Amino acid sequence: MSHDIVLKNGLVVTPNGVIRGGIAVEGEQIVAVGASSELGQAKREIDVEDKILFPGTFDPHVHFGISDRFGDEAMVEDFLRDTKDCLIGGVTTIATTTLIGKDPMLDLFDQAVECGTNHSWCDFKVTCVVNTLDQVAQIPAVAAKGGVSYKFFTGYSGPQAEAFGMNPDGITPSFFHAACEQLAHCGPPTFAKIHAEDPHVRGILIDRLREMGRADQLTAWAESSPEWAESVQVYTYGMIANQLRVPIYPVHISAAHTVETVKRLHAEGLNIVGETVACFLNTTAPEMDAHGMGGKAKIQPPIRFEKDKERLWRGLQEGTLSVVGTDSLTYSSSFKTDGDFWDCRVGINLQVADTLPLLFHEGVNKGRLDLVTLSKVLSENAAKLYGLYPKKGALAIGSDADIVVLDPEKEAVLGVDRMRSRADYSLWEGRQVKGIPVKTFLRGQLVMEDGEIVAEQPSGRFVEQVVRPRGL
Ligand SMILES: [Zn+2]
């Protein structure tokens with residue numbers, strides 16, 4: 001019997017460890033993983049020459065259609081252009097948010113799925129942003145269609161909340177409690193994502209710091225959001241979700257203190273899946289100030305300090321933090337740098353092309369993270385969270401053949417030259433790394449080779465649920 005593709009003579013990162021050997025693929029699926037001599041014949045055999053075979057990664061934190069342009073046309077364009085960067089970076093599945101507003105959530109969900117269909121170069125899920133009680137009431141209807149993740153901007157109040165379509169109080173504990181009741185009714189794998197960051201004290205500190213006119217803008221920005229502002233919301237909203245047996249997923253954990261908070265709550269038995277994002281792991285506010293990044297590196301919560309960065313890495317290795325996302329948006333540099341730093345909208349540029357090379361270099365090469373843990377935080381754990389494991393997130397028999405061939409010896413310089421998206425700047429411009437994806441397969445199809453997209457058209461799909469929400 002002859003397989004479609006055999007990748008042989010590699011180091012295969014499986015859920016249980018790294019093995020020497022390869023992978024056989026038929027159609028869209030993996031049919032064998034093991035020693036190269038036992039994989040059998042194939043129509044196409046690729047000797048990967050000791051390169052690493054890594055599971056296609058899953059970035060659950062992307063925002064299409066809401067950067068310096070807003071709407072479904074912008075979302076279609078972001079899918080069409082920015083998911084090419086996903087393939088370049090070995091990302092084979094993303095979850096992107098719906099457009100943010102007060103419209104019926106079912107419409108926003110359908111619209112996002114439609115925007116991605118025939119336009120996405122990688123597979124995708126959709127996260128619903130929940131702003132109103134009418135939207136809360138629609139959670140079961142969206143869950144029945146495969147909506148698993150629901151995002152709550154708990155860190156927003158006042159005008160910032162109103163701009164999103166919330167009332168000025170933002171997501172209060174009582175609002176969140178009502179939403180968790182709906183999620184509990186749906187059952188697993190539905191879960192709540194929160195942007196944890198107390199909004200009230202931040203407003204006061206921002207005004208005070210802004211008046212000081214400091215040159216080290218990003219350091220001042222980091223000081224505007226105390227560590228406890230993040231931790232206190234992880235605690236409060238974590239307790240509410242836990243009471244209703246709903247998994248909670250704090251996105252973009254930035255502070256050392258929050259890692260300790262999650263660790264304590266885990267010890268109490270809470271189901272908290274902590275995410276951090278690539279930029280918090282790879283730089284600090286003083287470093288971004290030294291590079292003159294200004295508004296380009298202004299994200300909320302802020303890029304913080306060395307001690308936070310190193311605690312986040314240790315949090316990943318010890319399992320307190322489970323997932324690395326990116327919080328990517330496609331902003332143009334002019335949108336982020338024209339005008340006053342303090343008025344500039346928050347959020348950072350597209351990171352999807354760079355996350356795997358950066359984390360491999362800073363994590364594996366520098367001894368902060370082992371290769372199997374890297375595969376868990378970039379792929380397996382997000383797939384489990386979404387109820388898609390082992391279809392996604394594993395190099396295993398029966399899994400989708402989403403495979404990255406990573407050359408651990410190849411050096412590369414990061415920056416916009418590598419990107420095929422709309423992005424015109426990168427936080428990592430000029431940064432040298434060793435270890436880069438040289439091939440990406442999406443469901444058995446070679447879609448990226450040596451930094452170029454080799455698929456002829458976008459073949460990404462909305463990923464249907466393997467596990468259906470309970471009672472639906
Ligand atoms: Zn975000």
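Axes of helices are here lines fitted to C-alpha atoms over the stretch in contact, with angles taken between N-to-C directions. The model described is a predicted one. Two packed helices are described by the angle between their axes and the distance between the axes. On these terms, helix α1 (residues 72-88) packs against helix α2 (residues 105-116) at an angle of about 40°, and their axes lie 8 Å apart. The two helices are therefore oblique to each other, and the crossing of α1 and α2 is right-handed. Helix α1 contributes D72, M75, V76 and F79 to the contact, while α2 contributes Q111, A112, C115 and G116. Sorted by class, the residues in this contact of α1 with α2 comprise 5 nonpolar, 2 polar and 1 charged.

From α6, the residues P173, F176, H177 and C180 take part in the contact, and from α9 the residues T236, Y237, I240 and A241. By class, 6 residues of the contact of α6 with α9 are nonpolar, 2 are polar and none is charged.

Helix α9 also holds N242. With 18 C-beta neighbours inside 10 Å, N242 counts as partly exposed. When neighbours within four places in sequence are left aside, N242 is in contact with L270 and N271. The C-alpha atoms of N242 and G269 are separated by 9.0 Å, although the two residues stand 27 residues apart along the chain.

Within α10, the buried residues are A256, T258, V259, T261, V262 and L265. An α-helix has 3.6 residues a turn, so residues three or four places apart point the same way. The cover over the buried residues of α10 includes α9 (227-243), β12 (274-277), α13 (306-318) and β13 (321-325). A similar check of length applies to helix α7 (residues 199-212): its 14 residues should span 20 Å at 1.5 Å a residue, and the end C-alpha atoms, 21 Å apart, agree with this. Just after α7, G213 takes a positive phi of about 60°.

Backbone geometry in the loops was examined next. Most residues other than glycine have a negative phi, and most peptide bonds are trans. D50, a residue other than glycine, has a positive phi near 70° and is placed in the loop between β4 (41-47) and β5 (52-55). D50 is exposed, with 12 other C-beta atoms within 10 Å. R245, also a residue other than glycine, has a positive phi near 60° and lies in the loop between α9 and β11 (248-250). For R245 too, 12 other C-beta atoms lie within 10 Å, and the residue is exposed.

Cis peptide bonds occur at two prolines described here. One joins P188 and P189, with omega about 5°, and P189 is placed in the loop between α6 and β10 (191-194). The peptide bond from Y389 to P390 is also cis, with omega near 5°. P390 is found in the loop between α16 (371-385) and β14 (403-413).

Methods. Residues numbered from 1 in each chain as written. Predicted model: local features only at pLDDT ≥ 70, side-chain atom pairs only at ≥ 80, totals over all residues. Axes fitted to C-alpha atoms, helices over the stretch in contact; angles between N-to-C directions. Helix = DSSP H or I, 4+ residues; strand = E, 2+ residues; numbered from the N terminus. Parallel < 35°, antiparallel > 145°, perpendicular 65-115°, else oblique. Left-handed = near helix turned anticlockwise from the far one by under 90°. Contact = placed C-beta atoms within 7 Å. Nonpolar A, V, L, I, M, F, W, Y, C, P; charged D, E, K, R; others polar. Buried ≥ 20, exposed ≤ 12 C-beta atoms within 10 Å, placed from the backbone. Expected span 1.5 Å × (residues − 1).
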